[in-house]
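Here's a quick briefing to read alongside the structure.

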Amino acid sequence: MSSKFPDHFLWGGAVAANQVEGAYQTDGKGLSTSDLQPQGIFGAITPRVDGDSGIKDVAIDFYHRYPQDIALFAEMGFKCLRTSIAWTRIFPQGDEEAPNEAGLAFYDRLFDEMARYGIQPLVTLSHYEMPYGLVKQYGGWGNRKTIGFFEHYARTVFERYKHKVQHWLTFNEINMSLHAPFTGVGLAEDSSKSEIYQAIHHQLVASARAVKACHEIVPGGKIGNMLLGGILYPLSCKPEDVLETQRQNRDWLFFGDVQARGGYPAYMRRYFRENGIQVEITAEDQQALRETIDFISFSYYMSGCVTTDEAQNNTARTNILNMVPNPHLASSEWGWQIDPVGLRYLLNVLYDRYQKPLFIVENGLGAKDRVEADGSINDDYRINYLNDHLVQVAEAIDDGVEVMGYTSWGPIDLVSASKAEMSKRYGFIYVDRDDAGNGSLERRRKKSFYWYRDVIQSNGNSLKDKA
Ligand code: BG6
């Protein structure tokens, strides 16, 4: 395939602090909401008991092993690495005035190491975690005060890293709060719709304030949002199914609409009105929301279907958003339906809607890997998945969509978010650790490691039209 990728395309990978770093109490770090969810992002809060460590407490020990890992990413030719800053390393409880210097110093070391290899950081301010102190003392994002605490944190890291980090993201998969309120906004799972949308509103205002701060502080800096790109198709061409699909797509596009267009769309006001949802939106909030993002980023793993037929609605719902399965698609071992063409479709939908550059900041296949007797790991299934998706990215670029880059999810095996498993692996690099926490943490190159190195080196020329 001849390359359709632009010359400065940002090839790389994406990780998140709470899924790789470990060291959950090192150098003054405070407890985050993630530290209290040893079962994953849908799990209930579990009180910490000393010595009773969840898998994330060590994760893959990136906190100590990052020099070796960055060297491996550099060997693959990464231009970009997406990671997040753990808010609790900088403000352990969340409401302190002065930041924790040891936490700031860690990210200095990390970004400096990346710079040695010319790898650009793409930094998420909040990836599925917040200081637990803010949940306990203030009720998380349900409290307006959290906007101020977040802005203070954002301004602190912009000031500190303004010469090291050019590309920023505000909240990871901001639309997930509708499905996992504790993870997203620090609210109890049984919170009412009004409470959840109020907390989401505070987060949207905080996101816009961070955008403003980034523009003020980081010279030439660009900041985007981050959506879970869960594109939905109608299961049939029945007009009611098509309309319901549009409604459900708006459940998540709403977040992009506010962040990219600078205010609440009319369809949302109707939804609030008809469902008795009360959200306090002040004139000052509306003013703040006018500060819009520079680019749209999103994750893409699967598509799903929508139907108004109740009987079909009750069929197997196995994936992250409980989508109705598509009869034309195969699924991963975790029931996530594989749809490379859906990525081209989604890129076009988002570009038509926003006319802003797009960044694919997560995509990949979670699968069980087998280490052969000779130590090799032949993950052709992962190569095929990624090849087919990247071919569709190239098609979208040819359609005229402006795509800044592609960071595959979990370039090194890490702890999965939904169930906190190690056995659901996404990496080009294998990490010796199992679900019970046994293993040497040794790193090993998989077959896909060499494949991705060739893709980057050839700027996509080595991709095959059909895997
Ligand atoms: C996204 C998250 O939802 O999907 C990541 O931003 C997560 O944090 C990824 O790891 C894959 O999900 P999982 O459950 O397979 O880890």
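Let's start with a charge over a ring: the charged end of Arg-89 sits over the ring of Phe-106, 5.7 Å from its centre. Keep in mind that this is a predicted model.

**Aromatic pairs and a cluster**

- Tyr-63 and Phe-106 make a stacked pair, because their ring centres are 4.2 Å apart and their planes sit at 25°, under the 30 degrees that stacking calls for.
- That pair links distant parts of the chain, with Tyr-63 in helix α2 (residues 62-75) and Phe-106 in helix α4 (residues 101-116), 43 residues apart.
- Both Tyr-63 and Phe-106 are buried.
- Phe-111 and Tyr-161 are edge-to-face instead, because their planes are at 85°, with the ring centres 5.1 Å apart.
- Phe-111 lies in helix α4 and Tyr-161 in helix α6 (residues 145-161), so this pair ties together parts that are 50 residues apart in sequence.
- Phe-111 has 2% relative accessibility, so it counts as buried, and Tyr-161 is buried too, with a relative accessible area of 0%.
- One aromatic cluster is formed by Phe-5, Phe-9, Trp-11, Phe-73, Phe-78, Phe-428, Trp-451 and Tyr-452.

**The second largest pocket**

- The volume of the second largest pocket is about 330 Å³.
- Two elements give two or more residues each to its lining, namely α9 (239-261) and α10 (266-274).
- α9 gives the most to this lining, with six residues.
- Residues lining this pocket include Leu-243, Glu-244, Gln-246, Arg-247, Arg-250 and Asp-251, along with Tyr-267, Met-268, Arg-270 and Tyr-271.
- Glu-274 and Asn-275 are also among the lining residues of the second largest pocket.
- By class, the lining of this pocket splits into six charged, four nonpolar and two polar residues.
- Two of the lining residues are Arg-250 and Tyr-267, and Arg-250 lies over the face of Tyr-267, at 4.3 Å from the ring centre.

**Cavities**

- How many cavities of 30 Å³ or more does a search of the whole structure find? The search turns up seven.
- The second largest cavity has a volume of about 100 Å³.
- There are 14 residues lining the second largest cavity, and those nearest its centre are Ser-126, Tyr-128, Thr-183, Gly-184 and Gln-203.
- The lining of the second largest cavity counts seven polar, five nonpolar and two charged residues.

- Is strand β7 (residues 295-299) mostly covered or mostly open? It's mostly covered, with five of its five residues buried.
- Phe-295, Ser-297 and Ser-299 point one way from β7, while Ile-296 and Phe-298 point the other way, and all are buried.
- β7 pairs with strand β5 (residues 222-228) in the parallel sense, over five bridges.
- β7 also runs parallel to strand β9 (residues 358-362), joined to it by four bridges.
- Ile-296 has a partner in each of these strands: Asn-225 is bridged to Ile-296 of β7, and Leu-358 in β9 stands opposite Ile-296.

**Loop residues to look at**

- Gln-355 isn't a glycine, yet its phi is positive, near 55°.
- Gln-355 lies in the loop between α13 (340-354) and β9, and it counts as exposed because its relative accessible area is 54%, over the 50% cut-off.
- Leu-441 is another residue other than glycine with a positive phi, near 70°.
- Leu-441 is in the loop between β11 (429-431) and β12 (443-445), and it counts as buried because its relative accessible area is 9%, under the 20% cut-off.
- His-163 is in the loop between α6 and β4 (167-171), and at 68% relative accessibility His-163 counts as exposed.
- His-163 and Gly-148 are 15 residues apart along the chain, and their C-alpha atoms are separated by 24 Å.

Terms used
Residues numbered from 1 in each chain as written. Predicted model: local features only at pLDDT ≥ 70, side-chain atom pairs only at ≥ 80, totals over all residues. Heavy atoms only, no water. 1 Å grid on protein atoms, 1.4 Å probe; cavity = no way out; pocket = protein on both sides within 12 Å on 5 of 7 lines; lining within 4 Å. Points joined across faces, edges and corners; volume = space filled by probe spheres on them. Nonpolar A, V, L, I, M, F, W, Y, C, P; charged D, E, K, R; others polar. Phe/Tyr/Trp six-rings, centres within 6.5 Å; stacked < 30°, edge-to-face > 60°. Buried < 20%, exposed > 50% of the residue type's maximum accessible area, 1.4 Å probe, protein only. Lys NZ or Arg CZ within 6 Å of the ring centre and 35° of its normal. Pairing = 2+ DSSP bridges.
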